[in-house]
Amino acid sequence: METERELNLGEMSRYQTVGVTAGASTPHWLISNVVSTLKHAWLFRPGSWINYLYRAWRFILKSNLYVAPGRGFPELHLFFAAGGDAHVVLFFMAFFYVYAMHLLNQFTDEASKFNDPVQSMFYGRHRLFLLSTGALSALMALGSASIWTRWPLSLFCYERPGPHL
């Protein structure tokens with residue numbers, strides 16, 4: 001075996017203990033990638049409800065879903081503190097925008113494939129779902145921004161200045 005991509009994770013998850021050996025000339029980053037991948041292989045084992053709860057928690061962390069409300073709530077607070085009525089559209093506008101940008105940027109960042117192979121495997125395994133929810137979130141951010149103010153729609157309805165005939 002040469003890289004972590006060649007691991008059969010279904011087969012490896014059956015074992016309680018796995019050893020990794022490498023030659024002196026093997027780069028440390030390659031060994032780290034294999035060890036990190038093996039550590040996370042145990043998430044694939046069927047098990048108790050605690051295991052599934054842990055997997056759901058890991059999904060929230062890996063997909064950056066927890067970041068989006070962290071940006072939405074300050075928008076509500078700032079609007080309320082400024083004397084306006086807190087409007088839920090502000091929360092959703094920030095939530096959907098941040099969620100979409102975190103997801104879509106992850107798919108365009110080539111360096112992350114080498115820096116964090118487990119994260120890269122996660123995004124590969126859930127690619128369709130994450131890209132779909134990222135694109136939908138971008139549209140929802142635009143839609144909620146359009147409810148708040150009409151200027152986002154002007155991005156799509158631009159009329160070239162010039163003489164009209």
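Thr 133 sits in helix α8. This is a predicted model, in which local features need pLDDT of at least 70, side-chain atom pairs count only at pLDDT 80 or more, and totals for chains, interfaces and linings use all residues. Residues are numbered from 1 along each chain as its sequence is written, and side-chain values use heavy atoms, with hydrogens and water left out.

Thr 133 is buried, with a relative accessible area of 17%. Buried means under 20% relative accessible area, exposed means over 50%, and partly exposed lies in between, with a 1.4 Å probe and protein chains only. The side chains of Thr 133 and Tyr 99 are joined by a polar contact of 3.3 Å. A polar contact is a pair of N or O atoms within 3.5 Å; within protein, one must be able to donate a hydrogen and the other to accept it, and residues adjacent in sequence count only if both atoms are side-chain atoms. Neighbours within four places in sequence aside, Thr 133 is in contact with Tyr 99 and Leu 103. Contact here means heavy atoms within 4.5 Å. Tyr 99 and Leu 103 are both listed among the buried residues of α5.

Helix α8 covers residues 127-148. Its 22 residues should span 32 Å at 1.5 Å a residue, and the end C-alpha atoms are 31 Å apart, which agrees. The expected span is 1.5 Å times one less than the number of residues. The buried residues of α8 are Leu 130, Thr 133, Gly 134, Ser 137, Ala 141, Ser 144, Ala 145 and Ser 146. Ile 147 is also in helix α8, but Ile 147 is exposed, with a relative accessible area of 59%.

Helix α5 spans residues 88-108. It has 21 residues and reaches 31 Å from its first C-alpha to its last, close to the 30 Å expected at 1.5 Å a residue. Its buried residues include Val 89, Leu 90, Phe 91, Ala 94, Phe 95 and Phe 96.

The structure holds 10 aromatic pairs. One of them is Phe 92 with Phe 96, which is stacked: 5.8 Å centre to centre and 25° between the planes. Rings of Phe, Tyr and Trp (its six-membered ring) pair if their centres lie within 6.5 Å; planes under 30 degrees apart count as stacked, over 60 as edge-to-face and the rest as tilted. Phe 92 and Phe 96 are four residues apart in helix α5, so about one helical turn separates them. Phe 92 counts as partly exposed at 34% relative accessibility, whereas Phe 96 is buried at 16%. Ring pairs link Phe 73, Phe 91, Phe 92, Phe 95, Phe 96 and Tyr 99 into a cluster.

Phe 91 lies in helix α5. Not counting residues up to four places away in sequence, Phe 91 touches Pro 69, Gly 72, Phe 73 and Leu 76. The C-alpha atoms of Phe 91 and Pro 74 are separated by 8.1 Å, although the two are 17 residues apart along the chain.

Relative accessible areas for selected residues follow.

| Residue | Relative accessible area | Class |
|---|---|---|
| Phe 91 | 12% | buried |
| Asn 64 | 13% | buried |
| Phe 96 | 16% | buried |
| Thr 133 | 17% | buried |
| Phe 92 | 34% | partly exposed |
| Ile 147 | 59% | exposed |

**A loop residue**

Asn 64 is found in the loop between α3 (49-62) and α4 (67-81). Its phi is near 65°, a positive value in a residue other than glycine.

**The whole chain**

The protein has nine helices and zero strands. Helices (H or I, at least four residues) and strands (E, at least two) are DSSP runs, numbered from the N terminus. Buried residues make up 30% of the 165 residues. Among contacts between residues at least 6 apart in sequence, 64% join residues at least 24 apart. The protein exposes about 11,400 Å², and carbon and sulfur atoms supply 64% of it. Accessible areas come from the Shrake-Rupley method with a 1.4 Å probe; for residues, only the protein chains shown count as cover.

**Confidence**

The mean pLDDT is 77, and 81% of residues reach 70 or more. pLDDT is the predictor's confidence in each residue, from 0 to 100. Confidence is highest in helix α8, at a mean of 88, and lowest in helix α9 (residues 151-154), at 56. Where pLDDT is low, the predicted coordinates should not be read in detail.
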